[in-house]
Amino acid sequence: MPGSDLRGRLRQAAPYLVAGAAAGYLYHLAAGFQYQARPGVLGPGAWPKLVLGLAIAVCAFEVARILFFSGRRRERAGVLEEAAEASARGHGEPAPPARPESHPWLLVLGMAATFGYVAAVQTLGFFLATALYLAAFLVIGRYRRWSVIALLSTVGAAALMFVFMKLVYVSLPIGREPFSQVTLFLMQVMGIR
């Protein structure tokens with residue numbers, strides 16, 4: 001039944017279509033950032049547009065792969081699949097299942113977390129919003145060691161803040177009171193002006 005195969009492929013491609021469309025919309029928003037340009041300094045839209053452009057490209061690749069090449073994929077296992085199965089057999093572990101688990105609701109939660117991040121970053125500031133976003137993604141990804149989640153999300157957000165503000169000179173949202181106090185304190189500690 002070619003029609004049902006196409007419907008199945010479209011169903012598989014749907015999350016990538018939705019994510020790609022959302023990334024396209026956010027790219028459009030990032031292209032409209034208002035700022036006063038400074039010579040030799042990237043504007044606030046440069047990095048979001050780069051990341052969103054890459055997300056759009058990945059989504060387009062996945063849609064094309066699912067729609068046009070997924071029928072040929074199962075004819076022969078890939079090199080990485082064969083290596084993983086051989087490694088599992090060598091360690092006495094059961095071979096990975098032939099079809100990986102699918103959790104579309106995790107994708108929906110991840111998208112909701114991303115939209116929440118975009119909505120909250122102006123109020124909370126980059127550091128707090130990013131720390132919460134990273135923590136949310138770890139929890140959505142079913143990681144449950146809370147001390148590791150707290151460490152990774154705070155250190156990750158601080159590292160991103162340092163790289164973007166100190167090394168790349170990107171202006172990031174500091175947030176509104178009282179949240180801006182956290183950002184201003186961290187900027188002072190990191191030597192960011």
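Helix α4 gives the largest share of the lining of the largest pocket, ten residues. Helices here are DSSP runs of H or I with at least four residues, and strands are runs of E with at least two, numbered from the N terminus. Please keep in mind that this is a predicted model, where local features need pLDDT of at least 70, side-chain atom pairs count only at pLDDT 80 or more, and totals for chains, interfaces and linings use all residues. Residues are numbered from 1 along each chain as its sequence is written, and side-chain values use heavy atoms, with hydrogens and water left out.

**The pocket**

The largest pocket has a volume of about 1200 Å³. A pocket is an open set of points on a 1 Å grid over the protein atoms alone, where a 1.4 Å probe fits and protein lies on both sides within 12 Å along at least five of seven lines; lining residues have an atom within 4 Å of a point. The volume is the space filled by probe spheres set on the points, which are joined across faces, edges and corners.

In total, 38 residues line this pocket, and P48, L52, T114, Y117 and V118 lie nearest its centre. At least two lining residues come from each of α1 (2–31), α2 (46–73), α4, α5 (126–140) and α6 (146–167). The lining holds 32 nonpolar, six polar and no charged residues. In this count Ala, Val, Leu, Ile, Met, Phe, Trp, Tyr, Cys and Pro are nonpolar, Asp, Glu, Lys and Arg are charged, and the others, Gly among them, are polar.

| Helix | Number of residues | End-to-end C-alpha distance | Expected span |
|---|---|---|---|
| α4 | 21 residues | 29 Å | 30 Å |

V118 itself is partly exposed, with a relative accessible area of 38%. Buried means under 20% relative accessible area, exposed over 50%, and partly exposed in between, using a 1.4 Å probe and protein chains only. V118 and L26 are 92 residues apart in sequence, yet their C-alpha atoms are 9.0 Å apart in space.

Buried residues of α4 are L106, G110, M111, A113, Y117, V121 and L124. Just after α4, G125 takes a positive phi of about 90 degrees. In α5, the buried residues are F126, F127, A129, T130, A131, A135 and I140, and their cover includes α4, α6 and α7. After α5 comes R142, with a positive phi near 75 degrees.

S153 is found in helix α6 and is buried, with a relative accessible area of 5%. Leaving aside neighbours within four places in sequence, S153 is in contact (heavy atoms within 4.5 Å) with A131, L134 and A135. S180 sits in helix α7 (residues 180–190) and is buried, at a relative accessible area of 4%. Not counting residues up to four places away in sequence, S180 touches I174 and G175.

**The whole chain**

The protein chain has seven helices and zero strands. Of its 193 residues, 25% are buried. Among contacts with a separation of 6 or more, 66% join residues 24 or more positions apart.

Methods:
Expected span 1.5 Å × (residues − 1).
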